[in-house]
Amino acid sequence: MKKVVLSGMNISDIEEMMTALKESKFRAKQIHNWIYLKSVSTIDEMTNLSLSFREQLNQIAQVTQTKIKRKQVSQDGTIKYLVEFEDGECVETVLMRFDNRANLTACVSSQVGCAVNCSFCATGKGGFKRNLTASEIVEQVLTIQRDTGLKVTNVVFMGQGEPLLNLENVIAAINILNTDCQIGARRITVSTSGIAPKIAEFAKANSQSTLAWSLHAPINSIRDKIMPINKKYPIELMKKALSEYFEIAGRRVTIEYLLIKDLTDTLECAKALSELLNGMKCNVNLIPYNPVSENSYQKPSNNAIMKFKYLLEHSGKKVTVRLERGADIDAACGQLRGKVEQ
Ligand code: SAH
Ligand code: SF4
């Protein structure tokens with residue numbers, strides 16, 4: 001007989017199961033806590049259940065089917081997991097710690113592969129396989145918690161895949177992360193390459209979470225070349241969608257801007273970006289390009305990064321530069337492939 005998988009069940013599912021086993025609702029609450037907050041891997045670890053009940057539960061249920069296929073630890077403490085689901089498909093999930101903060105941020109994938117195929121990103125090169133279910137998205141956070149014994153405090157949808165092309169499951173996952181894992185909606189960020197027709201739907205469902213737009217180039221002619229999605233949803237269309245987002249959610253968006261040497265880190269781009277963002281309710285996050293073997297782009301110089309930042313700040317925007325995490329294990333932005341490298 002196939003065992004019931006407890007992880008993925010909500011409190012009413014577990015209560016129903018307990019009723020069928022003639023156990024109290026309180027048992028359901030205990031089991032729910034073990035799964036989503038204490039994140040155990042086995043029923044045996046649920047030590048406030050009696051031994052005999054644990055044995056009974058073991059006969060019919062298991063905590064999870066998700067496996068860690070590979071784990072790599074970076075010098076800076078970042079951990080990259082290759083997580084395997086029931087059907088054998090794998091995605092990468094990254095745990096980042098920032099030295100001076102207590103926050104533990106999980107960078108989760110929303111799809112196996114990605115169809116958007118941006119020229120600078122390793123994920124897109126492998127093509128698109130399938131959407132992840134809501135439960136598979138949450139499993140990535142729980143896998144980290146089970147493995148480290150730590151509680152994830154922040155989640156960013158910046159792993160593999162385009163979250164707005166799997167919006168229904170992403171929204172459901174955010175609800176579970178929020179309700180069951182008790183991660184505040186304000187501590188969840190969804191990054192999109194810019195699927196304009198999905199923005200309003202995201203805003204209505206998730207007005208508390210942060211939306212980040214991977215803009216990366218302020219001029220359509222450059223953006224067309226590095227992000228083919230721009231031909232479908234060009235900059236102006238996205239700008240309109242984002243002002244609608246602000247109307248609905250009342251929240252500033254984060255503009256992610258990739259600095260590629262001599263392509264997007266130029267003075268011309270800095271000026272065009274300042275103009276484009278003029279009047280837009282946003283913060284800017286500059287991402288220095290992380291090298292991936294699939295293309296020949298180069299990192300910007302530190303000088304170019306500082307100059308670009310200065311110019312943007314001058315136009316009145318709050319600008320941060322993203323810290324590179326886990327580059328020695330290919331865990332930095334854009335380096336996730338989701339395969340075991342030969
Ligand atoms: N698909 C979504 C979310 C995943 S990517 C999106 O594109 O927004 C998370 C961020 O990493 C995006 O801003 C993405 O453009 C950026 N990224 C991709 N490749 C990169 C690279 N080689 N170096 C630095 N950032 C990269
Ligand atoms: Fe997909 Fe984002 Fe990579 Fe583009 S940057 S290919 S949208 S994962």
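The model is a predicted one, in which local features need pLDDT of at least 70 and side-chain atom pairs count only at pLDDT 80 or more, while totals for chains, interfaces and linings use all residues; side-chain values use heavy atoms, with hydrogens and water left out. Residues are numbered from 1 along each chain as its sequence is written, and chains are lettered from A and ligands numbered from 1 in the order in which they are written.

The open space comes first. Pockets and cavities were both found on a 1 Å grid over the protein atoms alone: a cavity is a set of points where a 1.4 Å probe fits but cannot get out, a pocket is an open set with protein on both sides within 12 Å along at least five of seven lines, and lining residues have an atom within 4 Å of a point. Points are joined across faces, edges and corners, and a volume is the space filled by probe spheres set on them. On that basis, the largest pocket holds about 1,200 Å³ of space. Its lining takes in 41 residues, and F98, M158, N285, T320 and R322 are the ones nearest its centre.

Helices (H or I, at least four residues) and strands (E, at least two) are DSSP runs, numbered from the N terminus. Several of them give at least two residues each to the lining of the largest pocket, including strand 6 (104–107), strand 9 (154–157), strand 11 (210–214) and helix 12 (302–314). Strand 13 gives the most, with 5 residues. Sorted by class (Ala, Val, Leu, Ile, Met, Phe, Trp, Tyr, Cys and Pro as nonpolar, Asp, Glu, Lys and Arg as charged, the others, Gly among them, as polar), the lining of the largest pocket splits into 19 nonpolar, 12 polar and 10 charged residues.

The largest cavity has a volume of about 510 Å³. Its lining counts 32 residues, with F120, C121, S214, H216 and G334 closest to the centre. Helix 4 (122–125), strand 10 (188–192), strand 12 and strand 13 are the elements that give two or more residues to this lining. By class, the lining of the largest cavity comes to 15 nonpolar, 14 polar and 3 charged residues.

The largest cavity is also where ligand 2 sits, sitting here being a matter of having more than half of a molecule's atoms within 2 Å of the grid points.

On to single residues, described by relative accessible area (buried under 20%, exposed over 50%, partly exposed in between; 1.4 Å probe, protein chains only). N117 belongs to the loop between strand 7 (111–113) and helix 4, and has a positive phi near 60 degrees without being a glycine. K22 also has a positive phi, of about 60 degrees, and is not a glycine either. Most residues other than glycine have a negative phi. K22 lies in the loop between helix 1 (11–20) and helix 2 (25–36) and is exposed at 74%.

As for disulfides, taken as pairs of cysteine sulfur atoms within 2.5 Å, the count is 0. C107, buried at 7%, has its closest cysteine sulfur in C333, 6.7 Å away and too far for a bond.

Two pairs show how sequence and space compare. N103, in the loop between strand 5 (90–97) and strand 6, is 84 residues from R187 in sequence and 9.9 Å from R187 in space, C-alpha to C-alpha. N302, in helix 12 and exposed at 62%, is 259 residues from I43 in sequence and 51 Å from I43 in space, C-alpha to C-alpha.
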